[in-house]
Amino acid sequence: MAATPEPIAPVASSPSPPPAASPSEEPAPPAPTEAAPAEEGPSPSDKRDNFKAAPKEPPAGEAVPKEKKKGSLGGNTFGFPGVRPVLAQPAAQQLRLHFLDVGQGDSTLIECPGGERILVDGGSGIAASASPEGARDHLRGVLGNSMSIDMVVVSHPDRDHYNALPYLLEGVQVGHVQVVGAAGEYSGSFVTWLAAIPSSRKTRITAESHDPLDTPNATMDCGPATVHVLSVSARGTPDNSPKNSLSMTLMVSYRDFDAILTADATFVTEKKILGRYPSWWLDAELLKIGHHGSSTTSTSPDWVTATAPDIAVVSSGFDNSHGHPRQTVVAAVATKTGTAAAHAFRWYRSQTQPEEVADYKEAIYGTGTSGTIVVGSNGSDYWVEQER
Ligand SMILES: [Zn+2]
């Protein structure tokens with residue numbers, strides 16, 4: 001059935017509005033139609049890898065997984081303009097996914113081709129980096145003068161996915177918030193922050209649901225792109241990561257380009273998704289590797305086979321105590337991903353054994369080594385930019 005979340009019950013909240021920009025002090029933002037004309041991509045620079053999306057069609061006859069060829073890059077490499085606002089100016093008709101470097105946590109801004117903005121998570125589990133300044137600067141550069149986000153999604157109640165939201169969203173007008181899980185599963189400070197948002201503009205999702213294959217999510221408007229909730233609030237199966245299994249898992253599609261955002265989805269979540277959708281449909285250009293690259297909870301062989309990503313992104317701290325991402329997970333995903341220009345990548349052989357490859361050439365990128373990563377697409381071509 002469709003993911004139709006139930007409204008959050010009114011909470012005892014202060015009448016004050018959520019953090020908001022002072023519109024009177026800022027020039028009016030340009031309408032989406034006034035954005036810079038569509039280009040083939042951002043300005044050339046040294047840290048850009050280019051790819052080509054493949055159309056997704058059901059195989060003739062039965063729905064069997066389609067074999068994907070290992071992709072390869074085009075010849076050009078271009079540079080990441082860093083966190084400067086120039087990167088943030090969304091060219092019309094481009095989808096951009098910003099994987100913000102928040103340390104050991106998750107935060108992804110979806111910049112839709114129609115100008116809509118959806119922020120999925122915002123948290124870091126490391127106290128010292130609980131205020132990820134670089135991520136906030138990048139976010140503000142993207143938002144520009146309008147300082148507004150249409151939808152904020154909190155994928156599940158783990159603080160490395162929500163504890164930095166009040167900091168990241170300070171001064172940002174938030175249209176609507178979707179929160180997965182019960183209030184009691186969140187920290188008191190976050191509940192207080194959430195309480196300042198009127199109940200009419202927030203939704204709590206506690207029932208398991210998903211969007212049918214042919215029915216994109218109605219509440220997450222992404223202009224000419226679509227968002228499908230593949231799973232949310234999955235429960236009821238024995239699992240050692242019950243909170244992680246709740247993770248709202250999304251597919252963002254723009255013409256031939258598909259990206260799967262997993263949050264901390266577990267084997268349980270993956271299995272449910274694999275049971276709901278045909279493998280050919282889950283075949284994606286981009287996979288955000290689940291649970292920061294954990295090998296004990298996420299990224300099963302069947303999941304890798306079905307999603308068959310051409311490129312992959314993992315969000316984790318450069319030095320983290322969890323051993324994320326684990327080398328075995330990276331190696332499994334690398335059986336599907338294409339090649340890329342040499343870049344630094346770091347994985348863990350064990351929880352305490354990091355290993356860095358200075359000239360890694362698989363199209364797998366980590367925020368720990370690359371900083372904020374931006375994947376853009378015009379629906380056919382797509383490209384990866386790294387902060388460093
Ligand atoms: Zn997490």
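Here are some friendly notes on a predicted model, meant to be read with the structure open.

1. **Ground rules.** Residues are numbered from 1 along each chain as its sequence is written. Because the model is predicted, local features need pLDDT of at least 70 and side-chain atom pairs count only at pLDDT 80 or more, while totals for chains, interfaces and linings use all residues.

2. **Helix α2.** Just after α2 comes G144, with a positive phi of about 65 degrees.

3. **What "buried" means.** A residue is buried if 20 or more other C-beta atoms lie within 10 Å of its own, exposed if 12 or fewer, and partly exposed in between, with C-beta atoms placed from the backbone.

4. **Helix α6.** This helix spans residues 267–276 and includes K271. Its buried residues are F267, V268, T269, E270, K272 and I273. They pack against β10 (226–231), α5 (242–245), β11 (249–254) and α8 (301–307). K271, in contrast, counts as partly exposed because it has 18 C-beta neighbours inside 10 Å. Its C-alpha atom is separated by 8.8 Å from that of S300, 29 residues apart along the chain.

5. **The core.** Which residues of the largest nonpolar core touch the most other members? They are L250 and V252, in a core of 93 residues. Such a core is a set of buried Ala, Val, Leu, Ile, Met, Phe, Trp, Tyr and Cys residues joined through C-beta atoms within 7 Å. Leaving aside residues up to four places away in sequence, L250 touches V120, V227, H228, V229, L230 and L261. Two residues are in contact if their C-beta atoms, placed from the backbone, lie within 7 Å.

6. **Backbone details to look up.** D121, in strand β6 (residues 117–124), has a phi near 70 degrees, a positive value in a residue other than glycine. D121 counts as buried because it has 29 C-beta neighbours inside 10 Å. S233 is not a glycine, yet its phi is positive at about 60 degrees. Look for S233 in the loop between β10 and α5; it is buried, with 22 other C-beta atoms within 10 Å.

7. **A cis bond.** The peptide bond from H324 to P325 is cis, with omega near -5 degrees. P325 sits in the loop between β14 (311–314) and α9 (327–333).

Technical notes. Helix = DSSP H or I, 4+ residues; strand = E, 2+ residues; numbered from the N terminus.
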